[in-house]
Amino acid sequence: MSDRPPVEDRPPLPGRQQLILRAVVERHIATGAPVGSKHIAGGDGLDFASSTVRYELARLEDLGYLNHPHTSAGRVPTDKGYRYYVDTLPPADPPAAANPAIRNALDLGEMRKEVDAALQRLAEVVSQVTNLLGVVTAPAPQTAKIRHVEVLLLQPQLVMVVVITSTGAVNKRIVAFENPVDPGVADWAKDFLNERVIGLSAGARMIEARIAEPSLGHREQAFLDAIGPAVTELGVESAESLYVGGRARFVSDRRQVDLAAIDSLMGQLEERYTLLALLRGALGRHEVYLRIGEELAGPQLNGLSMVAANYGVARQNLGTVSLFGPMCMDYRLAIGTVREAAFALSRFLEGVYE
């Protein structure tokens, strides 16, 4: 059902304990409150006496699947309990279908260049659908392909090189020369570069080789050497982007999330590096990537869960769609949402990375 981190092998719970654990988790997800035996005894598939339920609740607590926050309160799932629940979701019971708003967020008839806007819109929609924090990672700049190059003479000694990629990104670099530039050389360079680099991936090592031409005259070669880095270094120093949806809603809804965990996650969104490293773990997966509580990076995020799925095109994963929220999130809805969003985003990008 989901990717899981390496853990020590443990025997499956007996059938009765599995049923009771599932009932506790699902009721706690629905209510956010501790669950007592009276809440589940006699429920669907739980035709057990109250004394039997109380006994099994105590056994599940001893085994580390449940916790007892107060003497007189019911139980709440632990990280281990949530992980067991997610890993044993029956395959025949698929995750809840994602809201149609996800598909509508990515208009396939829209100009493909609006990739940045589409990613932000999708992050907002998955957040609205689930009431969780939506995070979408953008494709690395090096994955885009060069679509067009312009060489513009701004002033006699000032040239601007504009490179447009398949994602619609517009990269500009201004180069100053000691002497006035011949407009004919600038026009020649534009045609030369478009002939040699269109269709290559930004940052590809072969770009430098493609624009090397031993037969060029001294004037052309000197000009190309000066403006060449605008193309050969494209995207090398660019940082990956995160698009976040539902930030204000997530911060304001503090009922079931530890404030320290919220602050830590907000800090990681600002710094990006730790969170990007965590989300890169989903890129090599072909199934939902899920981390619960202490499985997340650092103890500061205990109390949160993350559900992620990668998107991409044939033979190339490009980024992830993820949701962050309390451990008592609706995992079925979250799993179904990231799957649907990743699929829709993959379709949207087919024309960009064709």
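Which residues make a nonpolar surface patch of about 250 Å²? Leu 152, Leu 154 and Ile 174 make this patch. The model is predicted: local features need pLDDT of at least 70, side-chain atom pairs count only at pLDDT 80 or more, and totals for chains, interfaces and linings use all residues. Residues are numbered from 1 along each chain as its sequence is written, and side-chain values use heavy atoms, with hydrogens and water left out.

**Overall make-up**

- The protein chain has 14 helices and 10 strands; these are DSSP runs numbered from the N terminus, with helices as H or I of at least four residues and strands as E of at least two.
- Of its 354 residues, 47% count as buried, where buried means under 20% relative accessible area, exposed means over 50%, and partly exposed lies in between (1.4 Å probe, protein chains only).
- The accessible surface of the protein chain comes to about 17200 Å², and 49% of that belongs to carbon and sulfur atoms; accessible areas come from the Shrake-Rupley method with a 1.4 Å probe, and for residues only the protein chains shown count as cover.
- Among contacts in the protein chain with a separation of 6 or more, 65% are between residues 24 or more positions apart; contact means heavy atoms within 4.5 Å.

**Surface patch**

- Patches are made of residues with over 30% relative accessible area and no salt bridge, with like charges joined within 9 Å and nonpolar side chains (Val, Leu, Ile, Met, Phe, Trp, Tyr) within 5 Å.
- Leu 154, one of the patch members, is found in strand β4 (residues 146-155).
- Leu 154 counts as partly exposed because its relative accessibility is 43%.

**Salt bridges**

- The structure holds 10 salt bridges, each defined as a side-chain nitrogen of Lys or Arg within 4 Å of a carboxyl oxygen of Asp or Glu.
- In the salt bridge between Asp 182 and Arg 219, the closest N and O atoms are 3.0 Å apart.
- This pair links distant parts of the chain, 37 residues apart: Asp 182 is in the loop between β6 (170-176) and α7 (183-197), and Arg 219 is in helix α9 (residues 218-227).
- Both partners are partly exposed, Asp 182 with a relative accessible area of 32% and Arg 219 with 48%.
- Arg 219 also forms a salt bridge with Glu 220, with the closest N and O atoms 4.0 Å apart.
- Glu 220 is partly exposed, at a relative accessible area of 21%.
- Salt bridges that share partners join Arg 22, Glu 26 and Arg 332 into one network.
- Glu 213 and Arg 196 form a salt bridge whose closest N and O atoms are 3.0 Å apart.
- Glu 213 is partly exposed, with a relative accessible area of 21%, whereas Arg 196 is buried at 18%.

**Nonpolar cores**

- A nonpolar core is a set of buried Ala, Val, Leu, Ile, Met, Phe, Trp, Tyr and Cys residues joined through side-chain atoms within 4.5 Å.
- The largest nonpolar core has 58 residues, of which Ile 40, Val 307, Tyr 311, Tyr 331 and Leu 345 touch the most other members.
- Helix α14 (residues 331-349) gives the most to this core, with 11 residues.
- Leaving aside neighbours within four places in sequence, Leu 345 is in contact with Leu 106, Leu 119, Leu 122, Val 136, Tyr 311 and Val 321.
- Another core, of 26 residues, lies apart from the largest one and includes Val 185, Ala 189, Ile 207 and Val 231.

**Strands β3 and β7**

- Strand β3 (residues 133-137) and β7 run antiparallel and are joined by 4 bridges; two strands pair if DSSP finds at least two bridges between them.
- Val 136 stands opposite Tyr 243 in β7.
- Strand β7 (residues 242-245) is covered on both faces, with Leu 242 and Val 244 buried on one side and Tyr 243 and Gly 245 buried on the other.

**Individual residues**

- Ala 230 is placed in helix α10 (residues 229-232) and counts as buried at 7% relative accessibility.
- The C-alpha atoms of Ala 230 and Val 162 are separated by 8.0 Å, although the two residues are 68 residues apart along the chain.
- Not counting residues up to four places away in sequence, Ala 230 touches Val 161, Val 163 and Arg 173.
- Asn 131, in the loop between α6 (115-130) and β3, has a phi near 65 degrees, a positive value in a residue other than glycine.
- Asn 131 counts as partly exposed at 41% relative accessibility.
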